[in-house]
Structure formats: structure tokens, C-alpha cells
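Here are my notes on the helix packing in this model. Please read them alongside the coordinates.

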Amino acid sequence: MYNSQLTAFVCTADSGSFNKAAEKLYISSTAVMKQLNALERHLELKLLERTRRGTVLTPAGEVIYRYARQMFADSERALREARG
């Protein structure tokens, strides 16, 4: 139950930059940017504003972020229950 694009998005939103997200995910910042670009193309939404100081969620990004967090929590609960 893993989606690399959604994980990269949430990590970038949490850390506020591609570089910090890349460090946490143990991948390059270019790979993080490619994941985010692919996710935005797939959803046909702009999720992050890229600034000189890092990244900021757009209004659409805030909605997707909230639901992504919920999906991650639901996935963890489902796995715990299935293993129990």
C-alpha cells in the first residue's frame, strides 16, 4: 500500500522543500520533483507553488494533502487489522 508520488508529495509538503524531502526519502531532489510533476499531471491540478524559499501548498494541494494523510492512516490501520 505504497504510492511513491503521493508519498513524495506529502513529504515535500511536510518539509517545505524538494531537497529536504529528498533527504528524508533517500532519493535525489530531481526524483522528488519528477514524482511531483507526474502527480500534478495525472491529477490535472497544481498542488505546490515553487518559490525561492521552498514550496507552499496551493488550495487544491491542501485538499489532496488532507486526504492523502487520511489515506495513509487508513492504510496503516487496515494493515494492523489484517495482521491481527
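**Notes on helix packing**

1. The axes of α1 and helix α3 (residues 29-43) come within 8 Å and cross at roughly 110 degrees. Axes here are lines fitted to C-alpha atoms, for helices over the stretch in contact, with angles from 0 to 180 degrees between N-to-C directions. That makes α1 roughly perpendicular to α3 (65 to 115 degrees counts as roughly perpendicular). Helices are DSSP runs (H or I, at least four residues), strands are E runs of at least two, and both are numbered from the N terminus.

2. This is a predicted model: local features need pLDDT of at least 70, side-chain atom pairs count only at pLDDT 80 or more, and totals for chains, interfaces and linings use all residues. Residues are numbered from 1 along each chain as its sequence is written, and side-chain values use heavy atoms, without hydrogens and water.

3. α1 passes α3 in a left-handed crossing (the near helix is turned anticlockwise from the far one by less than a right angle). On the α1 side, the residues are Ser 4, Gln 5, Leu 6, Ala 8, Phe 9 and Thr 12; they meet Val 32, Gln 35, Leu 36, Ala 38 and Leu 39 in α3. Contact means heavy atoms within 4.5 Å. The residues of this contact divide into seven nonpolar, four polar and no charged (Ala, Val, Leu, Ile, Met, Phe, Trp, Tyr, Cys and Pro are nonpolar; Asp, Glu, Lys and Arg are charged; the others, Gly among them, are polar).

4. The axes of helix α1 (residues 4-15) and helix α4 (residues 59-83) come within 10 Å and cross at roughly 115 degrees. That makes α1 roughly perpendicular to α4. The crossing of α1 past α4 is left-handed. Contact residues include Leu 6, Phe 9 and Val 10 of α1, and Ile 64, Tyr 65 and Phe 72 of α4.

5. What does α3 bury? Its buried residues are Val 32, Leu 36, Ala 38, Leu 39 and Glu 40 (buried means under 20% relative accessible area, 1.4 Å probe, protein chains only). They pack against α1, α2 (18-25) and β1 (48-51). After α3 comes Glu 44, whose phi is positive, near 55 degrees.

6. Thr 12 lies in helix α1. Is Thr 12 buried or exposed? Thr 12 is buried, with a relative accessible area of 0%. Leaving aside neighbours within four places in sequence, Thr 12 is in contact with Ser 17, Phe 18, Ala 21, Val 32, Leu 36, Leu 48 and Thr 55.

Definitions and conventions
Angles under 35 degrees count as roughly parallel, over 145 as roughly antiparallel, 65 to 115 as roughly perpendicular and the rest as oblique. Buried means under 20% relative accessible area, exposed over 50%, partly exposed in between (1.4 Å probe, protein chains only).
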